[in-house]
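Morning, everyone. I'd like to walk you through the pockets and the ligand in this one. Please have a look at the model first.

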Amino acid sequence: MRVFLIAGARPNFMKIAPIYRESLKYNEVCCKIVHTGQHYDYEMSQAFFQDLELPEPDFFLNAGSGTHAVQTAKIMVAFEELCQDERPDLVIVVGDVNSTLACSVVAKKCLINVAHVEAGLRSFDLTMPEEINRIVTDSISDYFFVTEEGGVKNLVSEGRPKDRIHFVGNVMIDNLFHQARKLRKDDGRCFSTFRLKKEKRDYVFLTLHRPSNVDSKECFEEIADALNHIATEIPILFPVHPRTQKMMDQFNIKLSSNIFLLPPLGFKESLFLWKDSTVVMTDSGSLQEETTALGVPCVTLRQNTERPITIEIGTNILAGAKKESILKAYRNAMEKNRKNYSVPPKWDGRASERIWKIILNS
Ligand code: UD1
């Protein structure tokens with residue numbers, strides 16, 4: 001069985017790593033990694049392949065940045081050519097980035113089966129490009145691998161056949177547990193932030209990159225105002241995404257000297273910092289899940305989440321993007337007791353194993 005495993009942007013790399021590793025256990029599977037090139041900087045791409053023990057991609061499509069249409073179209077053109085040349089039996093796409101949508105549509109039109117890992121998540125917010133990517137991918141996929149029970153309900157209500165929907169757990173958590181185990185044997189001395197972490201002890205770990213938060217000056221300034229306020233009480237460690245850096249420069253955003261700006265970090269170094277932080281503040285989807293799995297309080301700088309389980313039983317609090325609501329959520333997170341959280345069902349590090357068993361038995 002010849003399988004293409006698609007990755008393009010940073011969060012994809014964490015999801016394909018455990019799926020790829022698990023594929024090596026099956027002689028009948030030949031799994032090839034296709035990197036679309038949506039992310040291309042060393043820190044955004046290659047550093048993750050090294051950290052996550054992934055081999056060099058078998059195919060690199062070199063799509064690069066652009067508007068949504070340009071980026072999606074470039075991936076589609078290159079991936080169509082590859083599918084025509086290589087004719088895989090199955091294309092596995094993960095998550096909700098432009099590469100996910102582009103490759104699923106191309107594969108389906110080439111009459112190749114598509115498996116979507118992380119199917120069924122919905123924010124019900126069509127201003128989010130990722131929501132459009134999720135809906136389109138789920139409208140044509142053959143296998144739906146779901147991370148939380150709400151995803152099953154969403155797919156059923158959209159008319160997807162029940163026998164193709166599989167609640168398998170979360171590959172992001174497979175990767176997290178694998179890496180966290182390895183990090184336990186390592187004091188982190190090799191990381192450039194080792195000293196900073198030691199010095200600060202209590203700190204907030206922040207990530208911020210959603211277009212809805214950083215592409216509007218007014219919105220970014222409002223969030224910066226809240227962060228500057230929090231920084232009067234506690235240091236904030238902030239690895240800055242390239243999109244965010246660009247907008248910070250353009251809008252001349254001023255941040256407190258107690259907010260420590262860092263370059264984008266690899267997976268391990270980022271985990272090394274956030275797992276011991278007092279609170280994580282983020283607008284990332286992945287960190288909402290990962291903090292839930294390790295019981296770290298998380299404040300999500302968004303109005304909604306496609307991952308409701310992280311709020312229902314996890315450590316996540318929705319803060320929106322207004323100063324007052326962010327400060328309120330931060331205070332709530334500070335008061336939370338880390339012991340009172342549960343890890344969602346099937347977030348046990350075995351999702352990839354379930355995925356391959358289902359694929360091979362079908
Ligand atoms: C993309 C995903 C988002 C995901 C995020 C993780 C979509 C629609 N969005 O958003 O869901 O959470 O990745 O990072 O697919 N850039 C660089 N170097 C790079 C990559 C990007 O400098 O290696 C800069 C470019 O200026 C680019 C901008 O960042 O225009 C945005 O990159 P893009 O891939 O379009 O979207 P992200 O914001 O990264």
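The ligand sits in the largest pocket. "Sits in" means that more than half of its atoms lie within 2 Å of the pocket's grid points. A pocket here comes from a 1 Å grid over the protein atoms alone: an open set of points where a 1.4 Å probe fits, with protein on both sides within 12 Å along at least five of seven lines. This is a predicted model, where local features need pLDDT of at least 70 and side-chain atom pairs count only at pLDDT 80 or more, while totals for chains, interfaces and linings use all residues. Residues are numbered from 1 along each chain as its sequence is written, and side-chain values use heavy atoms, with hydrogens and water left out.

Now the ligand's surroundings. The shell holds 20 residues, counted when a heavy atom lies within 4 Å. Gln 38, His 39, Glu 130, His 209 and Arg 243 are the closest. By class, that shell is six nonpolar, eight polar and six charged. Charged means Asp, Glu, Lys and Arg; nonpolar means Ala, Val, Leu, Ile, Met, Phe, Trp, Tyr, Cys and Pro; the others, Gly among them, are polar.

Which residues place a polar atom by a ligand oxygen? A polar side-chain atom of Arg 243 is 2.7 Å from one. For His 241, also through a polar side-chain atom, the distance is 3.0 Å. Tyr 40 uses a backbone N or O atom, at 2.9 Å. On its own the ligand exposes 750 Å², and the protein buries 89% of that. Those areas are Shrake-Rupley, with a 1.4 Å probe.

Which elements give two or more residues to this shell? Helix H1 (10-23), helix H3 (68-86) and helix H11 (242-251) do. H11 gives the most, with three residues. Helices are DSSP runs of H or I, at least four residues, numbered from the N terminus.

Back to the pocket itself. About 1100 Å³ of space lies in it, the volume being the space filled by probe spheres set on the grid points. Its lining has 50 residues, and Arg 10, His 39, Met 44, His 209 and His 241 lie nearest the centre. Lining residues have an atom within 4 Å of a point. H1 supplies the largest share of that lining, five residues.

Last, the second largest pocket. It has about 360 Å³ of space. Of its 20 lining residues, Ser 212, Asn 213, Cys 219, Gln 303 and Ala 321 are closest to the centre.

Definitions and conventions
Polar contact = N/O pair within 3.5 Å; in protein donor to acceptor, adjacent residues only side chain to side chain.
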